[in-house]
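Welcome! Please take a look at the sequence and the model below, and then follow this short tour.

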Amino acid sequence: MQNVFLKEDCDQFVTRINKLTTDSQPLWGKMSVDQMLAHCNVTYEMVYDNIHSKPNAFIKLLLKLLAKKKVVSETPYPRSLGTAPQFIIKGNRDFELEKSRLISYIQKTQELGEKEFEGKESLSFGKLSSKEWNNMFAKHLDHHLSQFGV
């Protein structure tokens with residue numbers, strides 16, 4: 001598992017992202033490359049931007065019981081896995097904008113560092129360790145970059 005708090009690992013993610021083009025096609029799934037970049041940005045928007053609503057207590061409990069372990073473990077995601085509604089991207093997005101946003105979020109996370117994320121609250125799962133944050137970020141990025149063959 002790559003470490004989103006290490007510059008070298010973040011640089012590898014950025015290199016992979018920079019290999020994408022507007023014509024990149026998925027090896028599986030239905031998202032276009034611009035939608036995939038916007039989809040990956042949602043994870044970071046939930047941390048840095050106040051634009052996604054917090055789930056109610058019942059939904060949060062369900063997410064903790066049913067999804068948390070799968071999301072924050074080191075086990076890779078299977079192909080064509082379902083996703084939460086706020087992660088579903090409809091319509092076309094600006095490829096260059098979404099790409100630069102994603103790179104900025106990756107770099108910001110690395111610069112803030114592990115200590116910033118230790119015990120940090122997740123909208124969906126409550127407090128997470130920095131290792132769980134890393135697993136969630138790195139696994140999600142790797143999954144979707146691999147989906148587009150980079």
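## The buried side of helix H5

Let us begin with helix H5, whose buried residues are Phe95, Glu98, Lys99, Leu102, Ile103, Tyr105, Ile106, Thr109 and Gln110. Looking down the axis of H5, you would find these buried residues within an arc of 155°, so they line one face of the helix. Here, buried means under 20% relative accessible area, exposed means over 50%, and partly exposed is in between (1.4 Å probe, protein chains only). The arc is taken from the directions that run from the helix axis to the C-beta atoms. Helices are DSSP runs (H or I, at least four residues), numbered from the N terminus.

What covers this face? Among the elements over the buried residues of H5 are helix H1 (7-18), helix H2 (33-48), helix H6 (114-117) and helix H7 (130-147). Helix H5 itself covers residues 95-112, which makes 18 residues, and it reaches 26 Å from its first C-alpha to its last. That is close to the 26 Å expected at 1.5 Å a residue, where the expected span is 1.5 Å times one less than the number of residues.

## How to read the model

This is a predicted model, in which local features need pLDDT of at least 70 and side-chain atom pairs count only at pLDDT 80 or more, while totals for chains, interfaces and linings use all residues. Residues are numbered from 1 along each chain as its sequence is written, and side-chain values use heavy atoms, with hydrogens and water left out.

## Salt bridges

Side chains of opposite charge can pair when their charged atoms come close. The structure holds six salt bridges, each being a side-chain nitrogen of Lys or Arg within 4 Å of a carboxyl oxygen of Asp or Glu. In one of them Asp142 pairs with Arg16, and their closest N and O atoms are 2.9 Å apart. Asp142 lies in helix H7 and Arg16 in helix H1, so this pair ties together parts that are 126 residues apart in sequence. Asp142 counts as partly exposed at 34% relative accessibility, whereas Arg16 counts as buried at 14%.

Which residue forms a salt bridge with Glu45? The partner is Arg101, with the closest N and O atoms 2.5 Å apart. Since Glu45 lies in helix H2 and Arg101 in helix H5, the pair ties together parts that are 56 residues apart in sequence. Glu45 is buried, with a relative accessible area of 8%, and Arg101 is partly exposed at 22% relative accessibility. Arg101 also forms a salt bridge with Glu98, where the closest N and O atoms are 2.7 Å apart. Glu98 and Arg101 are three residues apart in helix H5, separated by about one helical turn. Salt bridges that share partners join Glu45, Arg93, Glu98 and Arg101 into one network.

Ile89 lies in the loop between helix H4 (68-72) and H5. At 11% relative accessibility, Ile89 counts as buried. Leaving out residues up to four places away in sequence, Ile89 touches Gln35, Ala38, His39 and Val42, contact being heavy atoms within 4.5 Å. The C-alpha atoms of Ile89 and His39 are separated by 6.2 Å, although these residues are 50 residues apart along the chain.

Definitions and conventions:
Helix = DSSP H or I, 4+ residues; strand = E, 2+ residues; numbered from the N terminus.
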